Amino acid sequence: MEEITSNLSIIHSRIDIACEKSGRNPNEVKLLLATKTVSPKNIRKALEAGEFLIGENKVQELKEKFEALKEVPHESHFIGHLQSNKIKDVVKYVQCIQSIDRMSLAQKLQKRMEFEDRTMDIFIQVNTSYEESKFGAAPEYAIPFAKEVSQMDRLKIKGLMTIGLFSAEDEKVRKCFQLLKGIQKQLRDLDISAIELSMGMSGDLETAIEEGSTMVRVGTAVFGKRQYPDSYYWNEGKSS
Ligand SMILES: *Cc1c(COP(=O)(O)O)cnc(C)c1O
């Protein structure tokens with residue numbers, strides 16, 4: 001078997017085992033492939049092996065791969081830090097933006113969608129690890145923020161997204177995921193639905209699934225190690 005194909009079957013069995021352990025149905029957990037730095041050729045291999053959901057972090061990269069993947073059925077999400085001046089570009093290429101984390105960005109996206117007379121699916125990104133270097137709305141701000149966004153008629157809140165703490169201590173990582181789940185519950189009490197919980201990556205997907213993840217975002221475990229450190233993608237313009 002090709003390496004990507006066999007990596008994918010390993011990931012699917014990890015998802016299945018984690019679901020079984022927590023009494024969940026594996027159909028409740030989607031796999032999104034984090035494809036930053038991955039060539040269109042390799043992304044295509046994964047899509048042809050039966051995957052459907054992919055996520056990019058940079059608008060430039062998204063744009064470069066768009067043409068090459070046009071013929072292969074898939075759904076594309078934006079999962080990286082989004083600068084307001086890139087909104088116009090990114091909405092050409094994706095069905096969903098998972099990294100909505102501040103009012104100014106939400107307002108500009110709303111305006112753009114009004115202008116284009118369409119809507120955009122979004123996730124609210126929450127910085128559940130409280131790390132300075134990570135993007136995402138502060139957990140205390142997530143509720144008031146989501147309330148405001150839910151009033152924006154062109155933005156459809158589909159879920160919440162977070163990047164768990166990088167730590168070998170499972171309990172600390174778990175707390176991040178529990179925090180996101182708690183925010184989802186509070187929103188539900190306010191009649192704001194955010195059905196998807198996008199949490200869990202190559203290293204912590206089991207913990208995330210145990211805590212209610214409905215979408216794991218996996219890169220390295222499928223495509224191998226990346227050339228650039230993740231800080232290049234995660235805290236551009238932020239002190240780390
Ligand atoms: C790169 C990335 C992932 C995947 O990380 P891996 O550890 O390679 O699985 C998930 N989410 C986001 C936002 C990413 O940038």
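**Around the ligand**

Modeller: Let's start with Lys36: an N or O atom in its side chain is 2.5 Å from an oxygen atom of the ligand. Keep in mind that this is a predicted model.

Biologist: What makes that a polar contact?

Modeller: The cut-off is 3.5 Å between N or O atoms. At 2.5 Å, the Lys36 side chain is within it, so the pair counts. Thr220 gets there too, with a side-chain N or O atom 2.3 Å from a ligand oxygen. Gly219 uses a polar backbone atom instead, 2.9 Å from an oxygen of the ligand.

Biologist: How much of the ligand does the protein bury?

Modeller: The ligand exposes 390 Å² when taken alone, and the protein buries 96% of that. The space taken by the ligand is the largest pocket. There are 13 residues around the ligand, and Lys36 and Thr220 are among those that come nearest, along with Ser202, Arg226 and Trp234.

Biologist: Now the rings. How many aromatic pairs does a search of the whole structure find?

Modeller: Two. One of them is Tyr141 with Phe145, 5.3 Å centre to centre with 15 degrees between the planes.

Biologist: Why is that pair called stacked?

Modeller: Centres must lie within 6.5 Å to pair, and planes under 30 degrees apart count as stacked.

Biologist: What makes Phe145 buried or exposed?

Modeller: Buried means under 20% relative accessible area. Phe145 has 0%, so it is buried. Tyr141 has 33%, which lies between 20% and 50%, so Tyr141 is partly exposed.

Biologist: And His77, buried or exposed?

Modeller: His77, in strand 3 (residues 75-78), has a relative accessible area of 3%, so it is buried by the 20% limit. Its side chain also makes a polar contact with the side chain of Glu75, at 2.7 Å.

Biologist: What is the phi of Thr37?

Modeller: It is positive, about 70 degrees, although Thr37 is not a glycine. Thr37 is in the loop between strand 1 (30-34) and helix 2 (40-48), and is partly exposed at 31%. Tyr130 also has a positive phi, near 55 degrees, and is in the loop between strand 5 (120-125) and helix 6.

Notes
Residues numbered from 1 in each chain as written. Predicted model: local features only at pLDDT ≥ 70, side-chain atom pairs only at ≥ 80, totals over all residues. Heavy atoms only, no water. Phe/Tyr/Trp six-rings, centres within 6.5 Å; stacked < 30°, edge-to-face > 60°. Buried < 20%, exposed > 50% of the residue type's maximum accessible area, 1.4 Å probe, protein only. Near = heavy atom within 4 Å. Polar contact = N/O pair within 3.5 Å; in protein donor to acceptor, adjacent residues only side chain to side chain. Areas by Shrake-Rupley, 256 points an atom, 1.4 Å probe, with all protein chains shown as cover. 1 Å grid on protein atoms, 1.4 Å probe; cavity = no way out; pocket = protein on both sides within 12 Å on 5 of 7 lines; lining within 4 Å. Sits in = over half its atoms within 2 Å of the grid points. Helix = DSSP H or I, 4+ residues; strand = E, 2+ residues; numbered from the N terminus.
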